[in-house]
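Trainee: I have a model open and would like to learn how to read its fold. Could you walk me through it?

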Amino acid sequence: GRCAGDILAGTISTSRNMQLVIVPGNGCGPGQVRGANFYGWLADMMEATGLFDEVVLRDMPDGYQARESIWLPFLRDEVKVSDQTILVGHSSGAEAAMRLLETTKLKGVVLVSACHTDLGDAGEAAAGYYNRPWQWETIRENAGFIVQFHSTDDPFIPISEARHVAEQLHSDYHEMQGRSHFFDREFSELVDVLTQKAKA
């Protein structure tokens with residue numbers, strides 16, 4: 001999941017009630033997450049709704065490689081995700097969300113540009129997400145809901161990957177056109193979904 005941009009890192013509050021966690025794609029260095037792609041815009045939009053007690057957008061440790069062995073403990077122990085967490089994962093963040101759901105119950109997830117193989121990329125293989133079968137049934141059971149977005153013209157992840165994930169997870173799958181790898185600053189469809197799910 002490619003990251004770009006450089007603004008300030010997000011801050012978090014201390015409330016432990018309903019939580020929104022935005023997990024970026026790989027490639028974000030320190031201080032770059034909030035200015036990259038739709039991440040900062042989405043955090044600001046969702047904070048403004050007042051629907052979440054906590055909106056988390058953090059610099060991730062190991063931001064460039066996004067290794068599972070580092071990201072999952074960070075989400076569990078530092079961010080403290082729970083069954084009151086809705087997690088939005090983009091690209092590598094979507095892979096992290098799926099592996100997290102193999103062991104952790106979440107209120108729900110939104111997967112953006114998800115895949116299920118390393119696509120022959122050595123760097124992706126080294127991240128660790130693809131070195132064993134996916135526990136699709138467990139992922140489904142541990143997620144209160146699963147929404148998925150993918151664009152047919154994604155330059156990194158073929159549409160066949162996303163369709164396979166959608167088929168296995170029985171996700172609420174939104175296949176879009178002309179959105180590439182969702183690099184845009186705004187992502188209004190995400191706001192709509194999160195608003196609906198937070199009120200449910």
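Mentor: Gladly; we will go through confidence, the sheet and then the helix packing.

Trainee: What does the pLDDT of the protein chain average, and where is the pLDDT below 50?

Mentor: Keep in mind that this is a predicted model. Where pLDDT is low, the predicted coordinates should not be read in detail. Here the protein chain averages a pLDDT of 92, and 92% of the residues score at least 70. Residues 4-15 are the stretch to treat with care, with pLDDT below 50. In the model that stretch has 29 contacts beyond near neighbours in sequence.

Trainee: Thanks, that helps. In which order do the six strands of the sheet come?

Mentor: The order is E2-E1-E3-E4-E5-E6, in an open sheet with parallel pairing. Strand E2 (54-56) and strand E6 (172-176) each have a single partner strand, so one side of each lacks a neighbour in the sheet. From one strand to the next, the twist averages 10°.

Trainee: How many bridges join E5 to E6, and which helix packs on the sheet there?

Mentor: Strand E5 (residues 146-151) is joined to E6 by five bridges, and the two run parallel. To find your place, look for Ser-151, which stands opposite Met-176 in E6. Helix H6 (residues 159-169) packs on the sheet and touches E5, E6 and strand E4 (108-112). The direction of H6 makes about 165° with that of E5.

Trainee: Now the helices. How are two packed helices described?

Mentor: By the angle between their axes and the distance between the axes. Take helix H2 (residues 68-78) and helix H3 (residues 92-100): their axes come within 10 Å and cross at roughly 65°. H2 and H3 are therefore roughly perpendicular to each other, and their crossing is right-handed. Among the residues that meet are Trp-71, Leu-72 and Leu-75 in H2, with Ala-96 and Leu-100 in H3. By class, this contact has five nonpolar, two polar and three charged residues.

Trainee: At what angle do H1 and H7 pack, and which residues meet?

Mentor: Helix H1 (residues 39-49) and helix H7 (residues 188-199) pack at about 35°, with axes 10 Å apart. The crossing of H1 and H7 is right-handed. On the H1 side, Trp-41, Leu-42, Met-45, Met-46 and Thr-49 take part; they meet Ser-188, Leu-190, Val-191, Leu-194 and Thr-195 in H7. That contact divides into seven nonpolar, three polar and no charged residues.

Key:
Residues are numbered from 1 along each chain as its sequence is written. This is a predicted model: local features need pLDDT of at least 70, side-chain atom pairs count only at pLDDT 80 or more; totals for chains, interfaces and linings use all residues. Side-chain values use heavy atoms; hydrogens and water are left out. Two strands pair if DSSP finds at least two bridges between them. Helices (H or I, at least four residues) and strands (E, at least two) are DSSP runs, numbered from the N terminus. Axes are lines fitted to C-alpha atoms, for helices over the stretch in contact, and angles run from 0 to 180 degrees between N-to-C directions. Contact means heavy atoms within 4.5 Å. Angles under 35 degrees count as roughly parallel, over 145 as roughly antiparallel, 65 to 115 as roughly perpendicular and the rest as oblique. A crossing is left-handed if the near helix is turned anticlockwise from the far one by less than a right angle, and right-handed if clockwise. Ala, Val, Leu, Ile, Met, Phe, Trp, Tyr, Cys and Pro count as nonpolar, Asp, Glu, Lys and Arg as charged, and the others, Gly among them, as polar. pLDDT is the predictor's confidence in each residue, from 0 to 100.
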